[in-house]
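Trainee: I would like to learn how to read a structure such as this one. Please take me through it feature by feature.

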Amino acid sequence: MRSVFGDANIAGVTLKNRIIRSATHEGMADENGCPTEMMMKKYEHLARGEVGAIITGYTGVQQNGKSPMLNMLMIDSDFQVEPLRELTRRVHEYGTPVFLQIAHCGRQTRSKITGFPTVAPYE
Ligand SMILES: Cc1cc2nc3c(=O)[nH]c(=O)nc-3n(C[C@H](O)[C@H](O)[C@H](O)COP(=O)(O)O)c2cc1C
């Protein structure tokens with residue numbers, strides 16, 4: 001029987017156990033959507049605690065889809081790649097995979113928040 005503490009494989013990525021930190025928006029990105037030092041430390045802490053994998057909080061792919069919840073992680077500009085790489089490097093030091101959850105808030109956000117017209121699928 002498979003144990004929660006046994007290893008697992010998800011799409012070719014090996015997890016040392018089956019305990020996964022589910023995607024959780026922390027509100028710890030800076031004003032440009034980059035992970036802050038505090039956020040990196042939080043992820044390092046999770047990895048040091050030997051969680052099997054980490055899924056990041058939802059990460060915006062476009063400014064017009066930015067969350068009304070503050071300090072969302074963003075991946076809509078090249079300058080965000082290096083800080084995200086650094087976060088990944090720190091987590092990988094503990095042999096822990098980290099998955100980036102991407103998101104667009106569509107009609108669940110407002111132009112008052114994003115500064116752009118609201119876009120969403122429509123019937
Ligand atoms: C503060 C908070 C932030 C969350 N952020 C996200 C998120 O960014 N993306 C997501 O898919 N789920 C998010 N969730 C949902 C959690 O990942 C999880 O699915 C949910 O809490 C149910 O799990 P539980 O029954 O163990 O609490 C969030 C939940 C909480 C409490």
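This is a predicted model: local features need pLDDT of at least 70, side-chain atom pairs count only at pLDDT 80 or more; totals for chains, interfaces and linings use all residues.

Trainee: Which residues are around the ligand?

Mentor: They are S22, A23, T24, H25, G57, Y58 and Q101.

Trainee: How many helices and strands does the protein have?

Mentor: There are three helices and eight strands. Read from the N terminus, their order is β-β-β-α-β-β-β-α-β-β-α.

Trainee: What are the dimensions of the box that the C-alpha atoms fill?

Mentor: Along the principal axes, the box is roughly 50 × 35 × 20 Å. Of the 123 residues in the protein, 26% are buried. As for contacts with a separation of 6 or more, 67% of them join residues 24 or more positions apart.

Trainee: How do I read a single helix? Take α2, for instance: what is its span from first C-alpha to last?

Mentor: The general idea comes first. An α-helix has 3.6 residues a turn, so residues three or four places apart point the same way. Now the case here: α2 covers residues 81-92, which is 12 residues, and its span is 16 Å, close to the 16 Å expected at 1.5 Å a residue.

Trainee: Which residues of α2 are buried?

Mentor: P83, L87 and V91 are the buried residues there. Viewed down the axis of α2, the buried residues fall within an arc of 80 degrees, so they line one face of the helix. On the other side of α2, the exposed residues are V81, E82, R85, R89 and H92.

Trainee: What covers the buried residues of α2?

Mentor: The cover includes α1 (37-48), β4 (53-55) and β7 (98-99).

Trainee: What should I look for in a nonpolar core?

Mentor: A nonpolar core is a set of buried nonpolar side chains joined through C-beta atoms within 7 Å. The largest one here has 14 residues, and those with the most contacts inside it are A29, Y43, A47, I54 and V91. Elements giving two or more residues to this core are α1, β4, β6 (73-74) and α2. The most comes from α1, with three residues.

Trainee: Now for L46. Where is L46 found, and is L46 buried or partly exposed?

Mentor: L46 is in helix α1. L46 is partly exposed, because 17 other C-beta atoms lie within 10 Å, and a residue is buried if that count is 20 or more. The C-alpha atoms of L46 and V91 are 8.4 Å apart, although the two residues are 45 residues apart in sequence. Beyond four places in sequence, L46 is in contact with R21, V51 and I54.

Trainee: How does K41 compare with this way of reading?

Mentor: K41 also has its place in helix α1. With 13 C-beta neighbours inside 10 Å, K41 counts as partly exposed. Along the chain, K41 and R90 are 49 residues apart, while their C-alpha atoms are separated by 8.8 Å.

Trainee: Where is M28 found, and which residues does M28 touch?

Mentor: M28 is in the loop between β3 (20-21) and α1. Not counting residues up to four places away in sequence, M28 touches T36, M38, M39, K42 and N71.

Mentor: Phi of A11 is near 50 degrees, a positive value in a residue other than glycine. A11 lies in the loop between β1 (8-10) and β2 (13-15). With 5 C-beta neighbours inside 10 Å, A11 counts as exposed. Phi of E50 is likewise positive, near 70 degrees. E50 belongs to the loop between α1 and β4, and is partly exposed, with 13 other C-beta atoms within 10 Å.

Technical notes. Residues are numbered from 1 along each chain as its sequence is written. A residue is near a molecule or strand if its C-beta atom, placed from the backbone, lies within 6 Å of it. Helices (H or I, at least four residues) and strands (E, at least two) are DSSP runs, numbered from the N terminus. A residue is buried if 20 or more other C-beta atoms lie within 10 Å of its own, exposed if 12 or fewer, and partly exposed in between; C-beta atoms are placed from the backbone. Two residues are in contact if their C-beta atoms, placed from the backbone, lie within 7 Å. The expected span of a helix is 1.5 Å times one less than its number of residues. The arc is that of the directions from the helix axis to the C-beta atoms.
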